Amino acid sequence: MAEQDAFAPIIQLRGIGKVFRRKQQQVSALTDIDLGIRHGDFAVIAGPSGSGKTTLLNIIGLLDTPTAGHLAFCERPLSQASLAELARIRRDEIGFVFQAYNLMPVLTAAENTEMVMEFQGRPAAERRRVSREVLEQLGLGGLMHRYPDQLSGGQQQRVAVARAIASRPKLVIADEPTANLDSKSARNLMDLMVGLNEQAGITFVFSSHDPQVIERGRRVISLRDGRIVADQQTVAFDALA
Ligand code: ADP
Ligand code: MG
């Protein structure tokens, strides 16, 4: 099966374009994007504000649809996929971390971490066990029962990472995950993500315009005005078995 092939991309984009239309105006946010995200990638989408990072991550994460080109998820073309099928792939195969943490304020760290597993219909006992394991793995075991407003920004973003990985997705997408963090918290979050990539084999695609975050990427995909102008492997790629 293709899914077992470490070199087969998790998601493949071919000739992807995105045009936003607003009244008389048209904005070409992405043009002619060819890109494959592989199992084991630790890839950063780098580019200035307005270069198309969020638009590209939303398309990779199946949150938005392109206006040109083709997408395949684990070699399955998505052009004919139903909305229900896209929602299932989003829920089961992709984890999301957003710039503004996006934790549910009325839920504790543990309950936030359980959320996606609840959508997946996994039993309560299993959800609690997994959320405890993941929070402990991320050094948040002592903060499990705190609400988001009782956590620092850096801690909230670590909970957001816990929530993203608890459902065991194939791919975690993080749109400027360090943008609201001070530089020390940003470094800690990057250390955490690097560790999850190297030790747990979790595939990440994240975006940033911060040189100190971009340099942590093992693959740097540079966007300018909606086009990929460079795609460089900066650390040798170890495909995951
Ligand atoms: P980045 O995340 O790199 O800052 P974006 O992907 O948000 O870039 O935006 C890329 C371009 O697309 C920008 O010119 C932006 O104004 C435009 N854009 C993004 N989202 C929309 C939208 N919903 N409607 C219209 N234009 C948009
Ligand atoms: Mg953005």
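Is Asn 197 buried or exposed? Keep that in mind as you load this predicted model; the tour begins at that residue.

**Stop 1: Asn 197**

Select helix H6, residues 183-200, and find Asn 197 within the helix. Asn 197 is buried, because its relative accessible area is 6%, under the 20% cut-off for that word. Now show what surrounds this side chain. Beyond the neighbours within four places in sequence, Asn 197 is in contact with Gly 40, Asp 41, Phe 42, Ile 202, Thr 203, Phe 204 and Arg 218. Pick out Asp 41 from that group: its backbone oxygen lies 3.3 Å from a polar atom of the Asn 197 side chain.

**Stop 2: strand S3**

Phe 42, one of the contacts of Asn 197, leads us on to the next element. Select residues 42-46, which form strand S3; five of its five residues are buried. Turn on the side chains and look along the strand. In a regular strand, side chains alternate between the two faces of the sheet. Here Phe 42, Val 44 and Ala 46 point one way, while Ala 43 and Ile 45 point the other way.

**Stop 3: the partners of S3**

To see one of the pairings, select Ala 46 and its bridge partner in S8, Ser 208. Next bring in S9, which also pairs with S3 in the parallel sense, over four bridges. Val 44 stands opposite Val 220 of S9.

**Stop 4: the S9 and S10 hairpin**

Ile 221 has Asp 231 in S10 as its bridge partner. Two residues lie between the strands of this hairpin, where Asp 225 takes a positive phi near 45°.

**Stop 5: ligand 1**

Finally, centre the view on ligand 1. Which residues surround ligand 1? Select Phe 20, Arg 22, Val 27, Ala 29, Pro 48, Ser 49, Gly 50, Ser 51, Gly 52, Lys 53, Thr 54 and Thr 55. This shell divides into four nonpolar, six polar and two charged residues. Colour strand S1 (9-22), strand S2 (25-38) and helix H1 (53-60), each of which supplies at least two shell residues; H1 gives the most, with three.

Now check some distances to oxygen atoms of the ligand. A backbone N or O atom of Gly 50 lies 2.7 Å from one, and a backbone N or O atom of Gly 52 lies 3.1 Å from one. For Thr 55, a side-chain N or O atom is 2.5 Å from a ligand oxygen. Taken alone, ligand 1 exposes 570 Å², and the protein buries 66% of that area.

How values were computed. Residues numbered from 1 in each chain as written. Chains lettered and ligands numbered in written order. Predicted model: local features only at pLDDT ≥ 70, side-chain atom pairs only at ≥ 80, totals over all residues. Heavy atoms only, no water. Near = heavy atom within 4 Å. Polar contact = N/O pair within 3.5 Å; in protein donor to acceptor, adjacent residues only side chain to side chain. Areas by Shrake-Rupley, 256 points an atom, 1.4 Å probe, with all protein chains shown as cover. Nonpolar A, V, L, I, M, F, W, Y, C, P; charged D, E, K, R; others polar. Buried < 20%, exposed > 50% of the residue type's maximum accessible area, 1.4 Å probe, protein only. Contact = heavy atoms within 4.5 Å. Pairing = 2+ DSSP bridges.
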